[in-house]
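Here is a short briefing on selected side chains and ring pairs. Please have the viewer open while reading.

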Amino acid sequence: MQRLHDYANDKEFIRKLSHKIGIPAGYVLISLVLLGGALLYSGFGGLLLVLSAGFLYPAYMTFKALKKNNHDLLANYSKYWVIMSVGVVVHELLAWLVPGFRPFNFLVLGAILLLLKSHAATATTIYDSLIVPTLKKLESDVDSTLKTVESAVAKKEKEAAELKSKAEKKLHEATPKDKSS
C-alpha cells in the first residue's frame, strides 16, 4: 500500500487534491480510478470521458501545433483526426448493432489513449497500413461521388435562390404603396 501512496504522491494533481481534502494520496488515486471506471460503465459518463480524451485534448493540442506552426505535430494530429473520424463511424455502427454493451466505452477509451500515448506512432502505423491503402483504392469513386453531390447541392442552392427571389418579388408587389406622396 505504501508503494501506491508513493506513486500517487508523485502525481502533482493527486498530491494537491490529497492535501486539499485531507485524504492520503493513495486513497485519492483509488477513488479517482473507481470514479473513472463507474463513469465509463455508465452510458453518459463513458461518453463524457471518451469525448474529453478523444476530442477536447487532441483539439487543444492541434490548436497549439497550429499556433506554433509545428508541421511535424500537425501531420501527426492530421493522421489522428482521420483515424478518429473512422473510429467515430465504427463506434456508432457498433453502438447501434450492440446497444447497451457497457465494456465498449472501456475499449474506445483504451484505443484513444493508445493513439495519444504513443506519440503518433500507433496513429501513423494505422494511417499508413490501413487508411492510405483503402483510400487509394476508393479515391476515384469517392471523388466522383463528391463531384456528383457537390453538383446536386449547387443546383439546389441555385433553385432555392431563384425561389427566394420570386417570393421576395411577389411580396414586394403585394405590399400596398404609400399613396400620401
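Predicted model: local features only at pLDDT ≥ 70, side-chain atom pairs only at ≥ 80, totals over all residues.

Residues are numbered from 1 along each chain as its sequence is written, and side-chain values use heavy atoms, with hydrogens and water left out.

**Histidine 5**
- Histidine 5 sits in helix 1, residues 2–9 (helices are DSSP runs of H or I, at least four residues, numbered from the N terminus).
- The histidine 5 side chain reaches the backbone nitrogen of glycine 26 at 3.0 Å.
- Beyond four places in sequence, histidine 5 contacts Pro24, Ala25, Gly26 and Tyr27 (contact means heavy atoms within 4.5 Å).

**Threonine 62**
- Threonine 62 belongs to helix 4, residues 43–68.
- Leaving out residues up to four places away, threonine 62 touches Leu74, Tyr77 and Trp81.

**Aromatic rings**
- The structure has four aromatic pairs (Phe, Tyr or six-membered Trp ring centres within 6.5 Å; planes under 30 degrees apart are stacked, over 60 edge-to-face, the rest tilted).
- Phenylalanine 55 and tryptophan 81 form a tilted pair, 6.0 Å centre to centre with 35° between the planes.
- That pair joins helix 4 to helix 5 (residues 71–97), across 26 residues.
- Phenylalanine 55 is partly exposed at 30%, and tryptophan 81 is partly exposed at 24%.
- Tyrosine 77 and tyrosine 80 pair edge-to-face, at 6.4 Å and 70°.
- Tyrosine 77 and tyrosine 80 are both buried.

Definitions and conventions. Helix = DSSP H or I, 4+ residues; strand = E, 2+ residues; numbered from the N terminus. Polar contact = N/O pair within 3.5 Å; in protein donor to acceptor, adjacent residues only side chain to side chain. Buried < 20%, exposed > 50% of the residue type's maximum accessible area, 1.4 Å probe, protein only.
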